[in-house]
Amino acid sequence: MRKSTSVSASQSAATATVENYLALLCSFERDGQTAIATRLAEQLGVSLPTASATVKRMARDGWISIDNKKAIHLTPEGCQMAAMVMRRHFLIELLLRKVLDVPWSHLHSEAHALEHSISDDTLKRIQEKLDNPLTCPHGNPFPGEEKAVAHWVKLVQLQPGDRAVIRRIHELAEDSSDLLVFLENNALMPGTEIMVRNVMPFNETMMVEAGGQPVVLGLGVAKWIYVEPIKQVRVRR
Ligand SMILES: [Zn+2]
Ligand SMILES: [Zn+2]
């Protein structure tokens, strides 16, 4: 009895790791980015040997294939599982936000801690309760709903004077909790209206006004933010 408990615990721990890798690979894939073990290690904050060992195991188990340039690709099974993992993660984030009012910057890490053991039945209830949402609270589209966000543009594409509404903080930025806290403290979250004050490529910064307050953003941070531009109506006098 004791033995079987410890076996299932280690199996579920391994599964949680694999699930995190699958979701990340899915994110890379839908952005058209090449996934290699080094990028996975960087993003997940683990060593390269650790990432390489997991990748090897995942290839052995049929979740991924690795081509001769060391690029990692999801197999159809891996892709299906990754979509399920992402859907689960997004639904729990939404539940934490909409029902429990958990601070926006905590949603991603809280959902990560909870998501690996919730049943499909409960998930279905959450999905119905939340009226079949299209995006997570950071504005990232559910797998299969990418069209819903396709018309949003990167903040870094805007010019001084342009106004827009923040719609999305890219899922790859969600892994940095310091960044999420910074964005939350400055109201740089989906739904906030902003105005670009200036863009200084030579300084790698831009200044925006969010909720009436000026905020200086490094272009390395701004690149994760997607907005819906507000059309300016110019009246001729
Ligand atoms: Zn998240
Ligand atoms: Zn999210």
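Trainee: Is A187 buried, partly exposed or exposed?

Mentor: A residue is buried if 20 or more other C-beta atoms lie within 10 Å of its own, exposed if 12 or fewer, and partly exposed in between, with C-beta atoms placed from the backbone. A187 has 16 other C-beta atoms within 10 Å and is therefore partly exposed. Please note that this is a predicted model, in which local features need pLDDT of at least 70 and side-chain atom pairs count only at pLDDT 80 or more, while totals for chains, interfaces and linings use all residues. Residues are numbered from 1 along each chain as its sequence is written, and chains are lettered from A and ligands numbered from 1 in the order in which they are written.

Trainee: Where is A187 found, and which residues does A187 touch?

Mentor: Helices (H or I, at least four residues) and strands (E, at least two) are DSSP runs, numbered from the N terminus. A187 belongs to the loop between α7 and β5 (193-200). Two residues are in contact if their C-beta atoms, placed from the backbone, lie within 7 Å. Leaving aside residues up to four places away in sequence, A187 touches T192, A210 and G211. By contrast, S52 lies 38 Å from A187, C-alpha to C-alpha, and 135 residues from it in sequence.

Trainee: How many strands form the open sheet, and in what order?

Mentor: Two strands pair if DSSP finds at least two bridges between them. Here six strands form an open sheet with antiparallel pairing, in the order β3-β8-β4-β5-β6-β7. Its edge strands, β3 and β7 (213-218), each pair on one side only.

Trainee: Which residues of helix α5 are buried, and why do they line one face of the helix?

Mentor: In α5 (residues 107-114), the buried residues are L107, H108 and A111. Seen down the helix axis, they fall within an arc of 95° (the arc of the directions from the axis to the C-beta atoms), so they line one face of α5. These residues pack against α4 (76-98) and α7 (177-185).

Trainee: How many residues has the largest nonpolar core?

Mentor: A nonpolar core is a set of buried Ala, Val, Leu, Ile, Met, Phe, Trp, Tyr and Cys residues joined through C-beta atoms within 7 Å. The largest has 31 residues, and L22, L25 and A82 have the most contacts inside it. Helix α4 gives the most to this core, namely nine residues. At least three residues of the core come from each of domain 1 (2-76) and domain 2 (91-147), where the bounds come from an automatic or database domain assignment. Apart from this core lies another, of 20 residues, including I169, L183, V208 and Y226.

Trainee: What share of the protein is buried?

Mentor: Buried residues make up 30% of the 237 residues.
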